[in-house]
Amino acid sequence: MKRKFTLCLTAIFMLACTLLPLLAACDGSRNAASGYDTLVIYNWEDYIDSGDSEMGRSDLRDEFERYYENVTGRPLRITYTTYDTNETMMTKVLKNDANVDLICPSEYSIEKLLLAGLLENHNDLMKDIAPQLADIEKRLDGLDKQKLGEQELADIEQFDASLGGMSSLKNNGDGSIEPKIMSVIRNMFSNIEGVKGAEGAVDMTEYMVPYMYGTLGILYNTNVISEQELENYGWGVLWNVMENEQLENKILMKDSVRDTYAAALFYLYEYDLLPEKYDYITTAQELINLTDPDILETAEEALTSQRDHISGYEVDFGKDDMLNEIVYADFAWSGDALWAVEESEQDDGSFLLGYYCPTGVNPNTGKERFSNIWYDGWVIPTTVKNKLAAMMFIDYMCKPQSAIRNSVAIGYSSAASKELLMGDEYVKSFLEDQEYDFDEYFDDIGRYPKIDYNLGVMRDFGARNEDLVNMWQRAKSGAGVDVSLFIIIAAIIGAVAIAVALYFVFQALKCRPRRIVSKRADNSQK
Amino acid sequence: MTKRTHKKLRLTKKVFSFPYILFLLLFVVIPLVLILVNAFLDSENNLTLDNFKMFFGAPSSLIVLGNSLLVGVITTALCLIIGYPVAYILSKISSGKIIVLLYVLPMFINFLIRTLATKAIFIAMGVELGMGTVLFGMVYNYLPFMIMPLHTTLSGIDKSYIEAAQDLGADKATVFLKTVLPLSVSGILSGITMVFIPTISTYAISQLLSNGKIFLFGDSIQLSFEQGLYGVGSIMSIVMLIFVLISNFIMNKFNRNSNAVRRSLW
């Protein structure tokens, strides 16, 4: 009986051991201890100022928690989860198992989520939370300002019941977002047809608030590539058009379909290699949203021909390889590039690396250079639980001090209006604290590119995406079966055949005349 | 009634396998079923056969598959050619077991770390990354899987067979070809299985050691899933599984035959 009991216990224990981690993994309940409000944020990795004790910065998320508590009088707990690609995030959200309050995807994913009817219109949310905001105002008016600490007063001072920073609210105009960026977005995304559960066209700008933005360009080694070469050859640098011997096989492309496809299109346009029927194209926007079979074929040829000149495709190690001078040119996102340029400061104060976003006209072909402008924005999915906190968080992120802190911490350019940032006292003193030169910071063309028709936004390719991925697979695998493989196989077979033949020849030579009794047999007989 | 419940709850040694069976169900069987279901669904979850058309109709995916199989065959062949003599020599010397341990020790280090280190060495030496480095990485990673079973089989061969062959007047080559080689067939087969099956599905090694320039079937599957093309990705996974099953089946068949060889030899 006792044995059985022990057996039973062990079995239960083992079951528990297997089940507990499972249960923990499936823990979908976000009901924090009562008395707490919760906010679940789903963001890119390293995409918010998470504090830096050396530079005297605290975690922006903690600061929002404090701000929220000081304003509403209720404590808040942020649950922060991250993803590394838009696709990972979309898989989760489209299958409805994300259960989050806030997401920060890229423009084309926002479009996709919107089309699936998974996003909330911020104006509708504003109506829902209007009574709560009114309550907060009433509460703040009733507070005895004398008794409050400095921090609490500062937080209350910052609160604005109209959430004026958010560009998505109709009354706010562009909010604190850069008007030029908003005009690019409006131009592309203000009339989205076919949104699930909506009649007629939908204005996507009412569903999202831009957070960070950047361009695509070339991160280059200043010792190998001269500025003259960049000016003369533009995107052709990535194809090593100038036949710079040092650069041959020292170029990295992005291992990401959309970006590398865009690079191919820019190159084709600049060098006038597109089929004639695309002569009507005059803006970057038109160019990078082409996905018909002809253009895919042309792009595939360009990418296949590029294979002979490049070292390979990467998404993460490019910056390090550039800094270590393993490669000399990298097709890069501006934020990454600026980070790498800053890291590459040499002893004499000059920079080893530079970032170039091709613009202007190619002097040889007379064609213009285009590039891509991308942005990430805050959206609120339909699974939102704490509408007030979500809206307040977006508004908080739009404030100049949050914008500059995030921008400095993660290296990307904040979508907040440049003018607003430059006029803000906090921004000035903060940049000084972080050892930046104020004018240099805002004049950097890599950080604040000129936004006009030369920069295009890429939309979601929808059903055409599969064709694009197939094209990408073909381009990556090369034209056909690698001939060198057959040569290797033949070589192996040949080597084995020769080895065996030699072995037998030697045996035949050595063993004549044959010895009938071997040595060992001799020994054992003794 | 009481008797029945008693019977139901009876604890035997079997009970201890339940946690693992549950684990298998959750993480092996259910995912396999999901893959099978996904293969027949399009992006709107309607039943369709388009995924098959897309995979088998596109030469690109078949080229990638062919490339992967070739790389697998080459890796396996190289592992066998390098591994067999090593295992043979090690089985003959008395301290062989310790040396085998030295061969196997690197296996305890995570293969990603080893591959990254290999890459760093190649870059330091100025070797251009490409097919050559990928093959090197694969052989380096899977060689222990070849040596281990070979060594076990070779050192397990009864010496008296060899002596008998020598007594009967066989020269060294004949001894090797007529006794050692046939007796080690089972080791060769399990070595091939252990190398070939993982190599056709690798993707990290090829990606790292060629900077993504060499694109194998594993990379292709990863790309499909990453891009949300679950249907095609599932079909590729099924194709891969079928290849694994086929090679397993062939190996088993051979193995049985090799047992017959052993018996007839005796």
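Reply: In this predicted model, the C-alpha centres of domain 1 and domain 2 of chain A lie 33 Å apart; the domain bounds come from an automatic or database domain assignment. Domain 1 comprises 30–206 + 375–440 and domain 2 comprises 214–370 + 468–477 of chain A. Each of these two domains of chain A gives 8 residues to the contact (heavy atoms within 4.5 Å). Residues are numbered from 1 along each chain as written, chains are lettered from A and ligands numbered from 1 in the order written. Local features need pLDDT of at least 70 and side-chain atom pairs pLDDT 80 or more, while totals for chains, interfaces and linings use all residues; side-chain values use heavy atoms, without hydrogens and water.

Me: What area is buried between domain 1 and domain 2 of chain A?

Reply: Interface size is often given as the accessible area lost when the parts come together. Here it is about 710 Å², with 49% from carbon and sulfur atoms (1.4 Å probe, summed over both parts). Tyr108(A), Met188(A) and Tyr412(A) supply 55% of the area that domain 1 buries against domain 2.

Me: How do H4(B) and H10(B) cross?

Reply: Two packed helices are described by the angle and the distance between their axes. The axes of H4(B) (residues 59–92) and H10(B) (residues 185–201) come within 9 Å and cross at roughly 145° (lines fitted to C-alpha atoms over the stretch in contact, angles from 0 to 180 degrees between N-to-C directions; helices are DSSP runs, H or I, of at least four residues). The contact includes Gly72(B) of H4(B) and Phe196(B) of H10(B).

Technical notes: Helices (H or I, at least four residues) and strands (E, at least two) are DSSP runs, numbered from the N terminus. Buried area is the accessible area (1.4 Å probe) that two parts lose on being put together, summed over both.
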